[in-house]
Amino acid sequence: MKITVKRATLDNVDEIAKLFDGYRVFYEQKSDIGLAKQFLAARLNAEESVIFYATSEQGEYLGFTQLFPSFSSVSAERMLILNDLFVAKTARGQGVGTMLMNAAKALALETNAKGVTLSTATDNHTAQSLYETLGYERDTEYYNYFLSTRK
């Protein structure tokens, strides 16, 4: 199967939203295509994120990744946060995730970013294996914390 990875525009939001909804459901959120479309369109309109998507030769959307630009105060350099990576069940094991991750790395190189940071669920061993195969190193120096401002 020939797979193509491209950078998303607003023209791709409807199809990527289906994958994004599947991603959110994977992380135990309610399915909501409207919310998915709205969120993705808002990020792209405001140029707050970069989304790459993968398609088959037939135009089927197979997966996506979303990156958010950020900065490291300590190193005083640009970095990217890879916030989302999702591959449709039917496309898993075909290299789609690797291709999307490589697009993220290429963006980091293109924008002279210090690197790419990401988080994943502690039980998502498939994703962890992919990241480590691609050279990502698990952080053993810092703990991540989160303060919820909603009940």
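# A walk around the helices

In helix H3, the buried residues are Val96, Gly97, Leu100, Met101, Ala103, Ala104, Leu107 and Ala108. Select these residues to begin the tour, and keep in mind that you are looking at a predicted model. Now turn the view so that you look down the axis of H3: the buried residues fall within an arc of 150 degrees, so they line one face of the helix.

**Stop 1: the rest of H3**

Which exposed residues sit on the face of H3 turned away from its buried side? Colour Lys105, Leu109 and Glu110, and you have them. Next, show what covers the buried residues of H3: the cover includes strand S1 (3–7), S2, S3, strand S4 (77–87), strand S5 (116–118) and helix H4 (125–133).

Just after the helix comes Asn112, which has a positive phi of about 60 degrees.

**Stop 2: Met99**

Stay in H3, which covers residues 96–110, and pick Met99. Is Met99 buried, exposed or partly exposed? Its relative accessibility is 30%, so Met99 counts as partly exposed. Leaving aside neighbours within four places in sequence, Met99 is in contact with Ile3 and Val5.

**Stop 3: Ser75 and Lys114**

Move to the loop between S3 and S4, where you will find Ser75. Ser75 is partly exposed, at 24% relative accessibility. Which contact joins its side chain to that of Lys114? The answer is a polar contact of 3.3 Å. Along the sequence, Ser75 and Lys114 are 39 residues apart, and in space their C-alpha atoms are 8.5 Å apart.

**Stop 4: helix H2**

Select residues 33–45 to bring up H2, a helix of 13 residues. From its first C-alpha to its last it reaches 18 Å, close to the 18 Å expected at 1.5 Å a residue. Its buried residues are Ala36, Leu40, Ala41, Arg43 and Leu44. They cover an arc of only 160 degrees around the axis, which puts them on the same side of H2.

On the face turned away from that buried side, look for the exposed residues Gln38 and Asn45. What covers the buried residues of H2? The cover includes H1, strand S2 (50–56) and strand S3 (61–72).

Both ends of H2 deserve a click. At the start, a side-chain oxygen of Asp32 comes to within 3.3 Å of the backbone nitrogen of Gly34. Following the helix is Glu47, with a positive phi near 55 degrees.

**Stop 5: Asp21 in H1**

Now go to helix H1 and select Asp21. This residue is buried but has no salt bridge. Which side chain of opposite charge is nearest to Asp21? It is that of Arg24, 4.5 Å away. Leaving aside neighbours within four places in sequence, Asp21 is in contact with Lys30, Ser31, Asp32, Ile33 and Ala36. You have already visited two of these residues: Asp32 at the start of H2, and Ala36 among the buried residues of H2.

**Stop 6: the salt bridges**

How many salt bridges does the model have? The count is four, and the tour ends with a look at some of them.

- Show the side chains of Lys18 and Glu15, which meet in a salt bridge at 3.1 Å, N to O. Both residues lie in H1 (residues 13–26), three residues apart, about one turn of the helix. Lys18 is partly exposed at 48% relative accessibility, and Glu15 is partly exposed at 32%.
- Select Glu48 and Arg43, whose closest N and O atoms in the salt bridge are 2.7 Å apart. Glu48 is partly exposed, with 37% relative accessibility, whereas Arg43 is buried, with 18%.
- Finish with Arg138 and Glu132, a salt bridge with its closest N and O atoms 3.2 Å apart. Arg138 is exposed, with a relative accessible area of 56%, and Glu132 is partly exposed, at 42%.

How values were computed: Residues numbered from 1 in each chain as written. Predicted model: local features only at pLDDT ≥ 70, side-chain atom pairs only at ≥ 80, totals over all residues. Heavy atoms only, no water. Helix = DSSP H or I, 4+ residues; strand = E, 2+ residues; numbered from the N terminus. Buried < 20%, exposed > 50% of the residue type's maximum accessible area, 1.4 Å probe, protein only. Expected span 1.5 Å × (residues − 1). Arc of directions from axis to C-beta. Contact = heavy atoms within 4.5 Å. Polar contact = N/O pair within 3.5 Å; in protein donor to acceptor, adjacent residues only side chain to side chain. Lys, Arg positive; Asp, Glu negative; His and termini not counted.
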